[in-house]
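Biologist: Please take me through one part of this model closely, and then through the other places that deserve attention. Keep it plain, as I am new to reading structures.

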Amino acid sequence: MLLTLLLGLFVLSLLAPLINTFSRRFSGWLLSVVPFIVFILLAVKIPQVSGGYYSTEEYSWIPELGLIFSLRLDGLSQIFALLVTGIGSLILIYAGYYMRSYDKTSRFFGYLVFFMASMLGLVLAADLLTLFVFWEFTSLSSFLLIGFKHERPEARQAALQALLITGLGGLALLAGFILLYKVYGTFELATIIGNPELLASSPLLLPVMILVLIGAFTKSAIFPFHFWLPGAMQAPSPVSAYLHSATMVKAGIYLLARLNPLMMSSEWWVYSLSLFGVFTMFVGAWMSITQNDLKKVLAYTTVSALGTLVMLIGSSTDFAVNAMLVFLLVHAFYKATLFMMAGNIEKKTGTRMIDEVGGLYRYMPVASAISLLALLSMSGIPPMLGFISKELIYEAGINAPSAAGIILLLGFLSNAFILFASARIALDVFLGKPMFEKQPKEPDISLLTGPAILVIISLLLGLLPGRLTDSLLNPAMIHILPGSEAMKLKLWHGFNDILLLSFLTIVAGVLMYIFKARVTALVSYANLKYFKARFSDGFFGLIDGFMYLTSRKTAIVQHGYHRFYLMTIFVVASVLIALTFYGWKPKAELAQNLQAPTFTVLVFGTLIVVSTITTLLAKSRLVALISIGLTGLGIGLIFIEYSGIDLAITMIMVETMMVVLGTIVVFHLPRYLDFSDLRSRQRDVVIASVFGLLMAFLAFRSFTNPETKISEYFVENSYLLAYGKNVVNVILVDFRALDTLGEITVLLLAAFGIYALLKLKTEPK
Amino acid sequence: MEVFIALIIGFLYGASVYMFLRRSIVKLVLGIIFLSHATNLLLFSTGGFLRGSPPFVDEVGSDASLPVADPLPQALVLTALVISLGVTAFSLVLIYRFYKETGSVDLDELAQMEKK
């Protein structure tokens with residue numbers, strides 16, 4: 001069934017352009033039907049999965065190589081799969097309306113659904129290679145969607161940046177998976193994860209870990225790869241809401257969660273996740289302070305959220321894993337909502353700069369209400385689900401196995417910064433003074449459906465969190481941290497230190513808002529003074545440097561001088577041939593088996609050598625041509641001597657024709673000139689002699705190395721099967737007739753070419 | 001015998017390489033001809049050196065006591081011969097055309113023309 005669901009989505013991605021052309025008006029609603037059905041079908045499996053029954057499907061892919069395409073729906077896959085299809089359907093409804101003002105939307109919907117299918121495949125994959133294929137699909141569709149407005153250079157650049165960084169991560173990941181295969185002899189996830197001891201005792205543990213971390217960190221925009229995500233905001237808002245906040249950037253999180261049981265026993269794993277996670281959490285929140293573009297603010301808080309998720313996985317306590325899953329859901333709900341709202345604001349007011357809008361509640365009360373609830377969730381204020389998740393994160397921080405102090409401090413600051421960002425959006429954009437002459441209208445129902453549903457879910461789950469625990473969290477948790485158990489989620493924990501922390505966070509955030517101007521100025525000053533590193537610029541500097549290096553290298557290697565290309569080839573060939581003689585010893589009995597050259601052959605050979613030398617030294621083209629013809633004749637005579645009658649006939653005819661043809665052509669060419677100086681001639685003589693000598697050795701070696709001949713067959717069957725007595729002819733026209741046909745074709749092509757070259761009239765320059 | 005033929009093959013290869021490394025385009029074509037000569041001879045010689053026994057059979061099939069020359073290399077060389085005729089003819093006309101278009105038979109000049 002899983003495969004059917006997946007294929008259904010992939011087919012939909014092919015049909016999406018058709019559906020969109022069929023009805024531009026309702027394309028979003030129509031398109032969301034299939035993902036929604038998939039969502040329902042997955043949702044009805046919740047009881048099964050929480051009961052420990054996982055549906056697994058295997059299809060042999062390339063059985064000779066042991067490649068299997070396999071899918072599995074377990075607790076962890078389920079939570080992600082529901083997010084992907086559920087939010088996906090809502091986004092499609094939104095995008096159907098949002099994209100109406102754009103061109104080429106058919107393509108857009110194709111990409112978007114393709115992404116959805118790939119992402120679903122990624123979380124359902126039950127073996128590493130299947131996972132990897134879908135992983136790359138998501139990178140690819142992300143590239144296409146970020147660069148959707150490809151007329152804009154910034155969009156192209158951001159798309160390229162995202163592709164290169166996630167592509168780099170993808171390669172690292174593939175290498176990591178291959179190493180895992182070397183350790184386990186299988187790509188099957190269940191087998192690998194079920195036996196962490198094998199990897200722990202293997203020297204490949206550290207390389208695998210580093211490669212997997214690079215893969216996950218690039219995908220999930222974790223420091224130092226965080227910079228592509230704000231750039232990706234060039235994409236239309238539905239894409240930002242879907243790929244770059246709710247789903248694709250969570251692929252790295254998914255992978256880390258999935259592989260956590262495998263590597264959590266290693267300290268390196270725990271430390272790198274905690275360290276990079278905490279740092280990213282802080283950097284993202286910090287960077288969001290000075291942003292003015294709504295989508296950039298949201299992007300940096302997304303970076304911060306991703307860091308938080310990574311840190312929580314790294315902590316690997318019951319609290320942390322529980323918090324991570326809740327936060328994953330919360331963040332997907334509120335961030336998708338807010339991105340969609342940012343798109344709405346841009347659509348209705350023409351800008352998404354925070355200081356250019358204000359007082360939107362007067363014009364769009366419904367949209368403002370939805371956004372304010374989402375912002376409450378983002379700030380972690382009751383009664384939204386965001387509050388519960390923030391409490392859990394603090395709890396996890398307090399219970400962190402190491403460095404609890406630092407995690408708590410940075411977590412506190414990050415939360416305060418994010419609260420500040422929420423406050424700015426809430427108070428400056430939706431409340432506050434109206435700043436418009438023209439009154440923006442309430443967004444249409446299609447643009448509000450998705451956000452409204454997500455916010456309502458967030459609110460309901462915030463009020464009644466208990467349902468979540470048994471149905472989704474517990475089944476997922478055991479895959480991240482075996483043996484762990486989810487806590488009963490409650491909105492009200494009673495008065496304790498965590499509540500105090502929450503309270504302090506709110507106070508800090510509010511204080512920051514009150515001194516907004518000063519805080520922003522201070523942070524921008526600090527950014528200018530101390531954090532000057534521009535990751536994105538550095539990245540493109542790297543690319544430019546690489547391009548420069550490549551063009552320099554090409555200029556050296558591709559110099560344009562024909563004979564030096566050939567010289568390189570021959571010198572390299574000589575070295576390679578010489579290498580084949582390494583360790584070669586002629587057999588002892590060889591000397592006896594050698595035949596002495598007969599007199600006739602000596603004469604023919606002398607003819608060949610003398611005429612060749614004449615060609616080499618000839619001052620006249622005609623002499624050169626005639627003597628090279630003589631060389632050919634000498635070879636023909638050797639053919640006769642050693643039983644090659646057909647060959648000799650052909651050779652003599654070919655040589656005659658060539659001399660005739662050559663004479664005609666040369667007649668039209670200028671006289672021979674000596675271009676080369678003595679030194680280059682000496683050098684060429686050395687190269688030619690070495691190559692010739694090596695070829696002589698090679699020829700000799702091949703004569704004295706009798707292998708089993710395959711010719712027996714032809715000799716035996718020439719008359720029996722083909723009724724021909726001349727075996728050579730039978731081979732040509734019967735046994736290998738198709739080759740001869742090819743040969744005739746070549747001749748024909750050469751004839752056409754010659755005709756064209758002779759008749760072609762070109763415009764005089 | 002083997003040594004002698006091998007030396008001739010090597011000599012032809014050397015001649016072809018030397019011609020390849022010249023600047024004149026005519027010599028380049030001569031190099032191509034030498035290269036195919038050398039290769040044909042090499043290919044032919046791998047069938048062994050059997051005198052006066054061309055690969056013919058009579059109606060009852062072959063008789064193992066009367067060995068014939070290996071027909072396979074001969075068939076290969078025959079094909080190669082015809083192809084090399086095609087290649088040589090084509091390259092001869094190509095240099096003719098090259099001269100008509102550029103007024104030069106010097107390959108180094110071609111490189112400089114490209115650079116400009």
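Modeller: The answer begins with the contact between the chains and then turns to separate places in chain A.

Please keep in mind that this is a predicted model. The contact between the chains involves 89 residues of chain A and 78 residues of chain B. On the chain B side, helices H1 (2–20), H2 (25–45), H3 (71–102) and H4 (107–115) each contribute at least two residues. H3(B) gives the largest share, with 23 residues. By type, the chain B side consists of 50 nonpolar, 15 polar and 13 charged residues.

The axes of H29(A) and H3(B) come within 10 Å of each other and cross at roughly 0 degrees. Angles under 35 degrees count as roughly parallel, and therefore H29(A) and H3(B) are described as roughly parallel to each other. Residues of H29(A) that take part include Leu647(A), Met651(A), Val654(A), Met658(A) and Leu661(A). Those of H3(B) include Val77(B), Leu81(B), Leu85(B), Leu92(B) and Tyr96(B). The contact of H29(A) with H3(B) is made of 15 nonpolar residues, 4 polar ones and 1 charged one.

The loop between helix H28 (621–641) and helix H29 (645–667) of chain A contains Ser643(A). Its phi is near 65 degrees, which is positive although the residue is not glycine. As background, most residues other than glycine have a negative phi. Ser643(A) has 23 other C-beta atoms within 10 Å, and the cut-off for buried is 20 or more, so Ser643(A) is buried.

In H28 of chain A itself sits Thr631(A). Thr631(A) is also buried, because 25 other C-beta atoms lie within 10 Å. Setting aside neighbours within four places in sequence, the contacts of Thr631(A) are Ile608(A), Ser611(A), Thr612(A), Thr615(A) and, in chain B, His37(B). Thr614(A) is 17 residues from Thr631(A) in sequence, and their C-alpha atoms are 9.8 Å apart.

A second case of positive phi is Lys104(A), with a value near 55 degrees. Lys104(A) belongs to the loop between helix H4 (75–98) and helix H5 (105–124) of chain A. With 13 other C-beta atoms within 10 Å, Lys104(A) is partly exposed. H5(A), in contrast, is mostly covered, with 18 of its 20 residues buried. At 1.5 Å a residue, H5(A) should span 28 Å, and the 29 Å between its end C-alpha atoms agrees with that.

The same check can be made on helix H17 (365–379) of chain A. Its 15 residues should span 21 Å at 1.5 Å a residue, and its end C-alpha atoms are 21 Å apart, which agrees. H17(A) is mostly covered, with 11 of its 15 residues buried. Among the buried ones are Ala367(A), Ile370(A), Leu373(A), Leu376(A) and Met378(A). The buried residues of H17(A) pack against H16, H18 (385–398), H19 (404–430), H20 (445–463) and H22 (497–514) of chain A. After H17(A) comes Gly380(A), with a positive phi near 75 degrees.

H16 (318–349) of chain A holds Ala342(A). Ala342(A) counts as buried because it has 24 C-beta neighbours inside 10 Å. Beyond four places in sequence, Ala342(A) is in contact with Ser237(A), Leu294(A), Lys295(A), Leu298(A) and Arg352(A).

Chain A also has a hairpin, formed by strands S1(A) and S2(A) with 4 residues between them. The two strands run antiparallel and are joined by 7 bridges. One bridge pairs Ser60(A) with Ile68(A) in S2(A). In the turn, Gly66(A) has a positive phi of about 70 degrees. S1(A), residues 55–62, lies largely in the open, because 0 of its 8 residues are buried.

The bond from Phe223(A) to Pro224(A) is cis, with omega near 5 degrees. For background, most peptide bonds are trans. Pro224(A) is in the loop between helix H10 (205–219) and helix H11 (228–231) of chain A.

Definitions and conventions
Residues are numbered from 1 along each chain as its sequence is written. Chains are lettered from A and ligands numbered from 1 in the order in which they are written. This is a predicted model: local features need pLDDT of at least 70, side-chain atom pairs count only at pLDDT 80 or more; totals for chains, interfaces and linings use all residues. Two residues are in contact if their C-beta atoms, placed from the backbone, lie within 7 Å. Ala, Val, Leu, Ile, Met, Phe, Trp, Tyr, Cys and Pro count as nonpolar, Asp, Glu, Lys and Arg as charged, and the others, Gly among them, as polar. A residue is buried if 20 or more other C-beta atoms lie within 10 Å of its own, exposed if 12 or fewer, and partly exposed in between; C-beta atoms are placed from the backbone. Two strands pair if DSSP finds at least two bridges between them. Axes are lines fitted to C-alpha atoms, for helices over the stretch in contact, and angles run from 0 to 180 degrees between N-to-C directions. Angles under 35 degrees count as roughly parallel, over 145 as roughly antiparallel, 65 to 115 as roughly perpendicular and the rest as oblique. The expected span of a helix is 1.5 Å times one less than its number of residues.
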